[in-house]
Protein chains: 2
Amino acid sequence: MKEFLENAKKAAAVIAHLDGKTKAAVLEKIAENLEKKCSQITDANKIDMQEGKKNSLSSALLDRLFLDKSRVGAMAHSLREIATLKEPVGRVLDGWMNEDNLKIEKVSVPIGVIGVIYESRPNVTSDVAGLCIKSGNVAILKGGKEAKNSNEAIAKVISNTLKELELPQSIVSLVPDSSREAMNQLIKEDKYLDLIIPRGGEGLIRHISENATVPVVKHDKGLCHLFVDADADVAQSEKITLNAKVQRPGVCNAIETLLVHADIAKKFLPQVAKALEREGVELRGCEKTREIISVKEAKESDWDEEYLDMILAIKVVANVDEAIGHINRHGSGHSDAILTKDYANAEKFLNEVDAACCYVNSSTRFTDGGAFGFGAEVGISTNKLHSRGPMGINDLTTYKFKIYGSGQIRN
Amino acid sequence: MKEFLENAKKAAAVIAHLDGKTKAAVLEKIAENLEKKCSQITDANKIDMQEGKKNSLSSALLDRLFLDKSRVGAMAHSLREIATLKEPVGRVLDGWMNEDNLKIEKVSVPIGVIGVIYESRPNVTSDVAGLCIKSGNVAILKGGKEAKNSNEAIAKVISNTLKELELPQSIVSLVPDSSREAMNQLIKEDKYLDLIIPRGGEGLIRHISENATVPVVKHDKGLCHLFVDADADVAQSEKITLNAKVQRPGVCNAIETLLVHADIAKKFLPQVAKALEREGVELRGCEKTREIISVKEAKESDWDEEYLDMILAIKVVANVDEAIGHINRHGSGHSDAILTKDYANAEKFLNEVDAACCYVNSSTRFTDGGAFGFGAEVGISTNKLHSRGPMGINDLTTYKFKIYGSGQIRN
């Protein structure tokens, strides 16, 4: 492990200083080789799929695991898209002359060595490799064991391409030892690793946050809310509620709780309940909700639960303040929306809800790098620091100050 | 502790939304009251000073601990200066329309609840309180036990002022329990605390980094280098070397190692050694250095030592690459400088040295918020993430995305 990490650190000094054209050429070559070696990748994937079926993985998981020619093609396409992103390194973020006539420049630089821990989807292997190369970072990858063979086949293509281009193969590598103990060691190697990005279940992420000494940018819980204000457009609110809950209930930016202003509840709730139930959503309501529509009772614990499923908790609130209070108490600070025509309430909600993404008159489902226009999916941070919310390629950089003097000394 | 943290969290929701004028008025009032209650503060300080003498604190520590009317006046002055800083909350950092015609705005917001752990100097209590109030954050302070009475007296003035202004007193508070166990609990309270800034000895900071689940922005080691290139101006290099080593040897941005290009060593070393020794600096040289000047031998361990004292290690190097290699291997990523007339070497050094602050033709002593023109001293981060290098008041903010829609749903 020690030698592995030493090599990663050495490789970081190389990739950090490659120019944009070279990095784009590397990504193009990896994309080309992924397509060339497609059958080797899909063959490896077949082994994972067989194992997965043997171990009775759910059909959803198997679908995420599955690779065919078109999916490998999509991986190559994604790398080519990353190659076209604006150069993230060397952006001058700020600059000024200080009182001593020193020119101070704040410039974006790569973070260094980034560890990414993820599950099932093997395309993450090439996506993250591409994002790290583009941003001048070394990637240390730890995929899920259910995708072991697929990940190894993809990593081998990347590694061979780096070798072909006479670049250090340690720029992208899978951890040599994928045991739990090895992971527990890795997350404490703050002399070598500069950042860990865990993507996966809440338990895994909690474990890493609690034990890592390397900084962690988490991608975990999305307990999102939609608040329908007194004067909201009923038809639009119904459409947005359905979209936010039903379009993809298993993702972090789908809503789990609907908050409804008491003044609109009698009109809105029966209508939206009918539409939601038609889609197969199970509704759980507070007492006031159940005076209006006949649904299961929501327990106190429902307000804290990320269902990631076709279940929606509903609460009637007296006003925007109660809605904001509820969200800040029970939400996960991910994405919350207000539907309203009222200027003051919209502003209040945007300002006072303590979440990465606060929406007015829109579905919460737009919280991701793609929809934000970042052009590539690094992830969605539930941290408050370093990065918050959807992460673009620039979030894989930090900065340094360059100071240009002419003999200055301090008095 | 639980109730204390709950109150801090509640106070965070209040201070986050105060307007700039109100926050300035709070700071002005605290400044006024510090001046009014000056004798109570200096009386409390007398107890700490007596204790300190009894416990044989060094004269340097006693000096840092000491408060008189003029030093309390300086604390008040500092708060008034913080009050005049540009509003850090609500800055629009970025903004664009996405493909769905959503207006996305990236806006600075307070971080929330910030814990600051520090030692000896009681003025940190009011400085940090002022910086946190200005940036809309709650401050939880844990000062050193040697300054207990002074800190309590200052905190009491702040607390009473908040009460007088009908604001939650929990906006600024000292930890109720200053034991080691309480600190170990505090750094794991990530439900309540959003950031911990430890300022103090390396051991304390290491302990916190290793055990905290709350994000930590460290302020620790400064192992800084000065590299004198082959064609450097000898007189200027002597002046800068002296300034970087001697002006305040006990601070983190003073140099510990001098690297000298072999081509200039014979000319430069005898001259600079004479000047340094005249100032009382102990020199420790590599083999090549000792062929030129008669100094103690530098051991391998000297390259990794932060002396914070009148000692300087000297190494002769073959070229800029060897200098950069040495710095990246032994430095702490704080502040490093090259003295050169060569354009390419200057650029190489600025790009390849992996430090928060990279200087050309200047002393390293400018690395702090004051010299950078930030107007107030939050600290100097040795983290790579969230903040790196000198921290201004804007570093006490994070951001959120505000998204303005007109009924958008995701397809």
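Which residues in α3(A) meet α7(A)? In this predicted model, local features need pLDDT of at least 70 and side-chain atom pairs count only at pLDDT 80 or more, while totals for chains, interfaces and linings use all residues. Residues are numbered from 1 along each chain as its sequence is written, with chains lettered from A and ligands numbered from 1 in the order in which they are written.

On the α3(A) side, the residues are Gln40(A), Ile41(A), Ala44(A), Asn45(A), Ile47(A) and Asp48(A), and they meet Lys148(A), Asn149(A), Ser150(A), Glu152(A), Ala153(A) and Ile154(A) in α7(A). Residues are in contact if their C-beta atoms, placed from the backbone, lie within 7 Å. Helices (H or I, at least four residues) and strands (E, at least two) are DSSP runs, numbered from the N terminus. By class, five nonpolar, four polar and three charged residues make up the contact of α3(A) with α7(A). Here Ala, Val, Leu, Ile, Met, Phe, Trp, Tyr, Cys and Pro count as nonpolar, Asp, Glu, Lys and Arg as charged, and the others, Gly among them, as polar.

The axes of α3(A) (residues 38-54) and α7(A) (residues 148-164) come within 7 Å and cross at roughly 165°. Axes are lines fitted to C-alpha atoms, for helices over the stretch in contact, and angles run from 0 to 180 degrees between N-to-C directions. The helices α3(A) and α7(A) are therefore roughly antiparallel to each other, a term for angles over 145 degrees. Their crossing is right-handed, that is, the near helix is turned clockwise from the far one by less than a right angle.

The crossing of α2(A) and α6(A) is right-handed. Lys23(A), Val26(A), Leu27(A) and Leu34(A) in α2(A) meet Ser126(A), Gly130(A), Ile133(A) and Lys134(A) in α6(A). This contact has four nonpolar, two polar and two charged residues.

In chain B, four strands form an open sheet in the order β5-β4-β3-β6, with parallel pairing; strands pair if DSSP finds at least two bridges between them. The edge strands, each pairing on one side only, are β5(B) (172-174) and β6(B) (195-198). Five bridges join β3(B) (residues 113-117) and β4(B) (residues 138-142) in the parallel sense, and Val138(B) is the bridge partner of Val113(B). Helix α6(B) packs on the sheet, touching β3, β4 and β5 of chain B, and helix α7(B) packs on the sheet as well, touching β4 and β5 of chain B.

The contact between the chains takes 56 residues from chain A and 56 residues from chain B. On the side of chain A that touches chain B, β16(A) gives the most, with eleven residues. That side divides into 24 nonpolar, 20 polar and twelve charged residues. Across the contact, β16(A) and β13(B) (residues 357-362) pair in the parallel sense over five bridges, with Cys357(B) as the bridge partner of Phe401(A).

The same surface serves both copies, as 98% of the contact residues of chain A recur in chain B.

Technical notes. Contact = placed C-beta atoms within 7 Å. Parallel < 35°, antiparallel > 145°, perpendicular 65-115°, else oblique.
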